[in-house]
Every structure is written in structure tokens, then in C-alpha cells.
Amino acid sequence: MADALLSAIVERLGSLISSEFKLTVTVKEEVQKLQTKFRTIQAVLNDAGKRQLKEEAVKFWFDKLQGVSYEIDDALDEWNTVMIKAEIEKQEKEFEKKEKAETSNAKKRKVWPLISNFNFSVPNLLPHRDIAHKIQELNEKLDEIYKEREMYGFELSSPIEEVVERPKTTSYVDVSEILGRDKVKNDLVSTLLGKGTEKDKHPHVISLVGMGGIGKTSLAQLAYNDQEVQTHFEIKVWVCVSDPFDQCKVAKEILESIECQSSNLTALQSLLDRICDKVGGKKFFLVFDDLWTEDFAMWKPFRDALKNCGSQSSRILVTIRKDQVAKMMESANTIKLEDLSEEDCWLVFSKIAFFDKGPQQCEQLEDFGKQISKKCKGLPLAAKTMGSLMRFKKSREEWRNVLSNNLWELEDAERGLFAPLLLSYFDLSSPLKRCFSYCAIFPKDHLFDVSELVYTWTAHGFVESKGNMEVEIMAREYFEILVIRSFFQECREYLHIFKRYKMHDIVHDFAQSITEARHLGYSTGSQFPPSTNRSKNLRTAIFFSHNDYNMSNLVQNFSHLRVLTLQLRMELPDTIGNLIHLRYLDLHGCEMPLSHNKWVLPETICNLCNLQFLKLKCDPMSQPRILPQGIGKLINLRLLIGYNLVIPRGIGRLTSLRTLKGVLISDEDSEGCKFEELKNLTHLRDLSLFFKEDILIALAPNNRRIESKVSILNALEPPQDLEKLRICWYQGSTMSPIWLASLTNLKELYLAFATELISLPPLGKIPCLESLTIEDARSLKKVGVEFLGIESENKKEDIKIFPNLKYLKFDGLYKWEEWIGGMREGGKEDEDCITIMPLKLIIRNCENLKSLPDFLRTTPLKELEILFCPIIEKRCRGEYWHNISHIPIIKLTAFPWEINNDLT
């Protein structure tokens with residue numbers, strides 16, 4: 001990762017030299033010296049990075065370089081903070097002048113405190129003279145490392161430029177869990193479906209044994225999803241166990257999977273009792289994936305509980321690496337998963353490596369390919385990883401270089417697997433190396449949310465800017481590359497809810513072996529605080545579970561943090577403003593003090609002038625959240641997410657904002673946010689607005705409040721480049737703000753809980769709209785031409801409506817009875833006069849809907865779902881069938897207890 005850090009430092013040094021900030025001649029010389037030395041060292045880093053894996057002396061030199069690099073990065077960050085402070089002071093003066101001008105001829109009002117009350121004198125922020133002196137000292141440290149490099153005779157190399165090649169299909173061809181495993185899969189399914197007898201051990205445990213990366217989980221998933229297995233068992237549960245074995249956590253996951261809802265039970269005995277109640281007498285299939293513990297005492301409570309419930313035909317399948325675990329589990333059957341044959345390993349490798357290559361090119365590379373495949377030693381993960389690497393290498397010379405690389409000679413605990421991973425890792429660009437190795441801080445079996453990684457990578461400066469491309473978009477492209485390279489796997493079991501990814505255990509082990517001790521993820525069982533040496537320059541602290549560590553001590557002891565995530569019941573101290581380097585702050589589970597039944601964020605948070613991402617609690621049932629009066633000083637903020645956010649004046653100064661979610665539209669505070677300031681947020685792309693203070697007010701609105709909020713909505717001036725908009729709990733009967741038509745770049749629109757709405761706004765002519773969702777408009781009875789953006793029902797000319805719409809969803813419109821389109825003269829609806837372009841149409845929970853527009857007959861829909869709408873569902877199977885029969889995928893379900901009927 002040192003090469004990526006050095007690249008970032010060289011860029012920052014160049015920015016410092018060319019900035020408007022005045023440097024003395026001496027300081028400028030020191031900065032230029034640093035830049036020159038780093039550029040020279042960069043040229044040997046690729047060779048040094050490989051050699052430090054085997055040569056202790058090189059590793060020592062490498063570690064010293066990293067240590068000094070981080071110190072220099074911190075010094076430059078403090079220098080940059082001084083410049084940001086100067087910019088904020090300048091803005092404060094301009095804002096004060098503007099405020100005085102606006103109030104000079106109007107009634108006096110209270111203005112929030114200006115710079116005099118704004119504490120920038122935090123302990124860690126040095127005057128620029130001291131920073132200059134510090135740079136000089138660090139230059140001397142680097143000088144020693146710079147000279148030592150010549151002792152090792154490193155080879156010169158140019159940095160790797162990552163070419164982002166998107167696959168022509170949705171992803172690489174994932175075949176490793178299928179090829180070469182047909183027989184063992186069939187044997188496993190037969191064992192699962194076998195009838196149990198009184199003589200059999202109960203519970204009947206089947207152990208699938210094999211080394212990491214050999215495909216145990218993939219085989220278990222194939223068996224679990226087998227159609228016969230799915231219909232044979234009444235209850236099916238999949239649990240990822242990993243290490244350490246947490247009895248209560250595992251029991252809780254089993255119970256929640258059975259009940260399909262979260263459980264408040266915490267005691268092991270109570271959890272096991274409830275599980276027994278649920279599975280009593282039934283055939284259950286339970287999978288423990290990746291079980292490590294050899295301690296029988298950990299397994300015994302589960303065995304004893306399951307022994308006395310469930311039928312004799314129930315089965316438990318465990319995937320494990322050691323035979324001792326299978327014996328401990330008292331397995332009735334043990335299946336040892338062997339290496340793939342040389343032929344099957346070649347098939348796995350070649351299907352991925354030769355994807356997108358023509359027959360002639362495949363023939364030219366086949367001899368090298370078979371030798372590389374042989375080096376994978378029958379391990380599916382190794383073959384898949386190497387195939388993903390070679391897919392982007394076109395010439396024989398590139399393939400020869402991989403084949404002859406000395407990294408194949410490395411020994412590792414997981415035989416032969418780290419070498420392919422290292423080859424793929426060293427083929428990544430510097431930024432991608434940092435992004436990948438950073439993921440080691442997350443626990444095993446963590447479900448990765450892409451946005452979570454995008455924000456933290458960006459906060460650390462891992463992502464290089466590219467022209468005018470937004471850094472978050474670039475970060476998502478980084479992630480796509482890592483998926484294509486097989487460092488991440490898509491979790492298909494969560495696709496129906498949201499897209500999530502996992503990292504294979506061996507890939508996670510590999511990431512931990514190359515990561516730095518400056519990032520820490522705390523989960524139950526891990527040490528916090530870490531050792532003094534490790535914590536000195538800690539950059540990341542993510543709490544995945546509750547910790548009683550004093551947060552004031554955290555601020556004092558970990559002053560170099562860039563990323564901080566706090567969990568449930570952890571308190572945010574007022575001293576949080578001392579973390580001047582902080583870029584990412586996640587407080588979604590954090591406790592906050594209440595003032596007049598409102599959640600208050602401390603004013604000191606405005607000292608975090610480098611902050612880019614701020615995530616607050618997103619509980620829709622919670623109290624309003626009062627943001628600090630000085631929020632406008634966070635001029636680098638790119639993302640602000642929460643719920644019921646009460647935003648003060650000055651929001652218009654956050655011109656770096658890309659995402660603003662959870663803004664509470666309130667009419668109570670006359671000194672509150674000037675909503676017209678939203679128009680100043682020219683980079684804003686994602687906006688969410690909420691029109692309620694709490695549930696009681698939303699369910700019992702009064703006319704004064706409604707009129708006030710309708711006026712506020714109409715007066716809003718969101719930036720015209722907005723791409724995503726969510727409006728929730730709007731209580732007006734109509735919604736037709738003039739500005740809505742001006743959002744020509746809007747791609748996603750979500751309207752929810754508009755419970756008093758009786759007509760939809762004119763949305764059909766928004767040119768770029770791709771996704772439209774309307775939920776819980778409970779008073780709406782009719783959807784007519786006003787929704788399409790047509791002024792009159794009688795139209796002569798053809799009209800193209802929603803020209804780019806791909807997804808349209810109506811859900812929870814309980815009073816909705818009819819949906820009609822345009823009319824020709826004479827009052828007859830004509831399907832030929834309107835073209836509407838969604839690829840997927842979903843109508844759910846609209847129990848009174850009786851009619852659909854005739855223009856659906858000519859709509860090029862790809863998929864139609866009508867769920868829990870009994871009247872229209874019945875008519876679609878009858879007189880409306882001719883209007884929808886051309887649609888390739890049709891799913892009709894009248895009632896929740898019915899199985900979906902796929903009519904395609």
C-alpha cells in the first residue's frame with residue numbers, strides 16, 4: 001500500500017507548491033526536495049513490495065518508509081487544514097455582510113454565532129510555521145531511507161495504470177461451483193433426501209471437509225438450492241458461523257431465519273427453547289457454514305436441543321476444514337472434498353480467462369494457460385482468481401511474465417492459494433491495492449454494502465480523481481474491478497432485498513496478511529484499545545458492536561483518525577471536534593443528548609472542517625435531530641444522511657454536498673432553514689425531504705400545517721441537476737410544484753406516505769426519469785392523464801410519455817380504483833396515441849383497483865408484476881389478458897398466502 005500512499009503524497013506536495021498559500025523560499029525548497037525523493041522511491045516500490053515478502057531487511061526498510069510517509073501525510077493534512085480555516089473565515093465575513101444587508105430594512109432576527117464563537121484552536125492544529133519545521137524534520141528522516149534504497153539494488157518499474165474494462169455481460173462466468181463437482185453434489189443430495197431410521201444418530205450431521213478455497217461453501221449452496229431439497233424439507237436455515245463460535249449469535253440467527261423477523265431474546269436457553277418449539281416434529285435442514293471450533297462444549301447445547309425435536313429425516317450440514325471438527329460433531333456422514341482434476345481446473349480457468357477472446361487468440365495463449373492452470377493445483381478459488389487476472393492480459397508476453405513470476409515459489413498455510421492472490425494483487429494499480437487491503441478491517445462473513453466502501457475509500461483519499469468524473473463514481477468502478485478480479489463475490493441470497501457482497505475467507509485472510517496496522521474494526525472478542533504502537537497513528541476505528549471504551553479517551557488517544565463509526569449506546573463526546581483529520585463520521589447507532597424531546601448534535605462537530613461524510617440515525621420513528629447552527633462551516637461535506645434533520649440557516653454554503661437525505665420540512669421555527677438556499681447546492685444529486693415531525697402529527701394533520709407545507713414545497717428551489725428525489729409524508733391533497741418540470745436530469749423519484757393526495761403530479765414529461773415509485777398514497781382513487789403530463793384527455797396527436805422510464809411501481813394505494821389513459825375525440829380510449837416506456841411495472845397492495853389503461857397493449861414492457869390486487873388480478877386472467885399477453889414475464893398473485901404465479 002506504500003506505493004499508493006506515496007502517489008497521494010506526491011500529488012499533495014504538488015498542490016501545495018502551486019497553491020495560493022504563501023510559502024517561504026526555505027519551505028518551498030523543503031517541499032520540492034520531498035517531492036523529488038518520493039518520485040525516485042516510487043520507481044522502485046513495485047520490486048520492493050514483492051521482495052519484502054521474503055527478505056526481512058527489505059521489509060524493515062519498507063516499514064520505515066511507510067511510517068515516515070504517514071507522518072508526512074499528517075503534516076500536510078494539518079497544513080491543508082490551516083488553509084481551509086482561512087477559507088472558512090473568509091466565507092464567514094462575506095456571510096455576515098450578506099446577513100446585515102438582508103436584515104437592515106426588515107425586522108431584526110437572531111443570527112447564529114459567527115467566527116468569534118467558533119473554536120478552531122484545537123490542540124492538534126499547529127501554526128503553519130510549526131508545520132514547516134515539522135516538514136523539514138521529516139525530510140531529514142526520509143533522506144536516510146532515500147539513501148538506503150541503493151543498498152538493495154531494486155529494479156525500476158513504472159506504476160500500473162488500471163484500465164477499467166467493463167464486462168460485456170453482467171459479470172464474469174462463475175462456473176467454479178459446478179465444474180467437476182457433479183458426482184459429489186449428487187451424492188450429497190441423496191444423503192440429504194435419505195429417510196432416517198430410529199437407529200440413525202440424531203441429529204443427523206453431514207460434514208463437508210476440505211481446505212480453504214476448495215469449494216465447500218459453493219457445493220453446500222448447490223445442494224441447499226436443489227429443487228428436490230427445497231421441497232423435501234419444511235424448514236431450511238443457512239447460518240455463517242466462522243471463528244469465534246458465538247453460541248447466542250448463532251442461535252439467534254437460526255431463530256430469526258425460521259421466524260423471518262428479529263428476536264428480542266438474548267439468553268441461549270430461551271433461544272434454543274423457541275427453536276425447538278418452531279421445528280418440533282418437522283423436517284428441518286440446517287447448514288452451519290465454515291465451522292471452526294473443536295470445543296464440544298460449544299456444540300453440545302445445540303446437539304441436545306435438536307436431538308429432541310424435529311423428525312428423523314432432518315439433516316444438519318456443516319462445512320469445515322479439519323477432520324477433528326467432524327469427529328467432535330459426531331458426524332453420521334463425512335464427505336471429503338478433493339482437489340479438482342487437472343482437466344476440470346483447466347475448464348474453470350479457461351472459461352474465465354478466455355472470455356471475450358477470439359478463437360485465434362485463445363489458440364495462441366492455450367499452452368501458457370494450461371501451465372498456469374496447473375499451478376492452481378486443483379483449487380477452484382485459485383483457478384477462478386487466476387482466470388480473472390488473465391482475462392485482461394492479451395499478449396503472449398504478458399502471459400509468459402505471469403507464468404515465470406517468482407511469487408509462485410512462495411509457501412503459505414493454505415497450499416498454493418496465496419501465490420495466485422498475490423499475482424492478482426500486484427497486478428492492481430496503487431489505489432486499488434489500498435482499497436482492497438483496507439477491507440481486511442471488516443470481520444469475516446461481513447456483508448459489504450458498496451456505498452459503505454465508496455465513502456470510506458474516498459474519505460481516506462484512496463481514490464484518484466479522473467477528469468470531471470465524481471470521485472464516488474470512480475470508487476464504484478474500483479469496486480467493479482475488484483469483483484471482476486474475484487476479490488468479492490455477489491451474495492445472491494440477498495438480491496431480492498438489496499445487493500450485497502462477501503469476501504471469501506481465504507481472500508480475507510490474504511487481505512489481513514498485507515494490510516497495515518493503522519485501520520481497526522472492533523467486533524465482539526477483538527481487542528480495544530489496541531496496543532500503544534498500533535494506536536499511535538490509527539486512521540480508522542469502526543465499531544461493529546457495542547464497546548464500553550470511553551469515547552473522550554478515544555478522541556484524545558487517536559487524534560489521526562480519518563474514519564470513525566460508533567455503534568448502539570455509544571456516546572459522542574463534545575471533544576469530537578478535536579479530530580481535525582476526520583473525513584467520515586457514522587453516528588447511526590450513537591446516543592445523543594435530548595433537548596425539549598429533540599436530538600441535538602454538539603456544536604463542536606463544526607470544528608471538523610475536513611469532514612466529507614456524516615451519517616446520523618435513520619430511524620423514522622425517532623425525534624427530530626437538531627443540527628448545529630454552524631453546520632455551514634463544514635464546507636467539504638459531500639454527504640449528510642439522517643432522518644428528521646432540522647437544518648439551520650447556512651445550508652446553502654455546503655456547496656460540496658452531493659447527497660442530502662432526511663431534511664425535515666417544518667413550519668414551526670421561523671429562525672430555521674431558508675429552504676431557498678437549496679438552489680445554491682449546485683453539486684447536489686440526491687435529495688430526500690420529510691414533511692412530518694412525528695407519527696402522531698402525520699396521522700392527525702391540521703389544515704394550517706398542511707397549507708404551510710404545501711406553500712413550502714411550492715417555494716422550494718432544488719438545484720436543476722438533481723438526479724434522485726424522495727418526498728415522504730407530504731400531507732397536501734395535490735402536488736404540482738412548478739420546479740418539478742425543471743428537473744431535466746432527474747433519474748429517480750420516490751413518493752411515499754402522501755396519505756391525503758387525491759391526484760398525482762404531472763410526471764410523464766420528465767425526460768430522464770428512469771425509476772418512479774409511488775407508495776402509500778391512501779386517498780388516491782384515480783390515476784388519469786394528469787399523471788402522464790397531458791393537459792386534456794382528448795388528444796389527437798401521438799404522445800411519448802416517460803421516454804426513459806425503466807421501472808414503475810405503485811404500492812399501497814388502497815383506495816385506487818381506476819387507471820385511465822388518453823382519449824381520442826369521441827371519448828374512446830386509444831392505446832395508439834400514447835407510448836409509455838417502463839421495462840418493469842409493479843402494482844402491489846391495491847386491493848380496489850379495477851381497471852388498467854388500454855395503452856399497456858402497445859407498451860414494450862419486459863416484466864409485469866401484479867401482487868395482492870385481487871380484482872385486477874382476476875381481470876388480467878380474463879378480459880384484460882389480450883392487453884398484457886405480449887409481455888415476456890408476467891407474475892400475478894391475488895393474495896399474500898398464494899405462491900406467485902409465473903405465467904411466462
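## Crossing of H13 and H14

The crossing of H13 and H14 is right-handed. These two helices pack at an angle of about 115 degrees. Their axes lie 9 Å apart. The model is predicted.

From H13, the contact draws on Glu342, Cys345, Trp346 and Phe349. H14 contributes Glu366, Gly369, Lys370, Ile372, Ser373 and Lys374. Sorted by class, the contact of H13 with H14 holds four nonpolar, two polar and four charged residues.

## Helix H13

H13 covers residues 342-353. How far apart should the ends of a helix of twelve residues be? At 1.5 Å a residue, H13 should span 16 Å.

The buried residues of H13 are Asp344, Cys345, Trp346, Val348, Phe349, Ser350, Ile352 and Ala353. Which helices do they pack against? The partners are H14 (359-375), H15 (380-390) and H16 (396-403). Cys345, Trp346 and Phe349 are buried, and these three residues of H13 also take part in the contact with H14.

## Pairing of H15 and H17

H15, one of the helices that the buried residues of H13 pack against, also packs with H17 (residues 418-426). The angle between H15 and H17 is about 20 degrees. Their axes are 9 Å apart. Angles under 35 degrees count as roughly parallel, and H15 and H17 are therefore roughly parallel to each other. H15 passes H17 in a left-handed crossing.

Ala382, Thr385, Met386 and Leu389 form the H15 side of the contact. They meet Pro420, Leu421, Leu423 and Ser424 in H17. The residues of the contact of H15 with H17 comprise six nonpolar, two polar and no charged. The contact of H13 with H14, by contrast, includes four charged residues.

## Helix H21

H21 runs over residues 505-514. Is this helix enclosed or open, and why? Seven of its ten residues are buried, so H21 is largely enclosed by the rest of the structure. The buried residues are Asp505, Ile506, Val507, His508, Phe510, Ala511 and Ile514.

## The whole protein

The protein has 28 helices and 32 strands. Its length is 904 residues, and buried residues make up 55% of them. What share of the contacts with a separation of 6 or more joins residues 24 or more positions apart? Such pairs account for 67% of those contacts.

Definitions and conventions. Residues are numbered from 1 along each chain as its sequence is written. This is a predicted model: local features need pLDDT of at least 70, side-chain atom pairs count only at pLDDT 80 or more; totals for chains, interfaces and linings use all residues. Side-chain values use heavy atoms; hydrogens and water are left out. Helices (H or I, at least four residues) and strands (E, at least two) are DSSP runs, numbered from the N terminus. The expected span of a helix is 1.5 Å times one less than its number of residues. Buried means under 20% relative accessible area, exposed over 50%, partly exposed in between (1.4 Å probe, protein chains only). Contact means heavy atoms within 4.5 Å. Axes are lines fitted to C-alpha atoms, for helices over the stretch in contact, and angles run from 0 to 180 degrees between N-to-C directions. Angles under 35 degrees count as roughly parallel, over 145 as roughly antiparallel, 65 to 115 as roughly perpendicular and the rest as oblique. A crossing is left-handed if the near helix is turned anticlockwise from the far one by less than a right angle, and right-handed if clockwise. Ala, Val, Leu, Ile, Met, Phe, Trp, Tyr, Cys and Pro count as nonpolar, Asp, Glu, Lys and Arg as charged, and the others, Gly among them, as polar.
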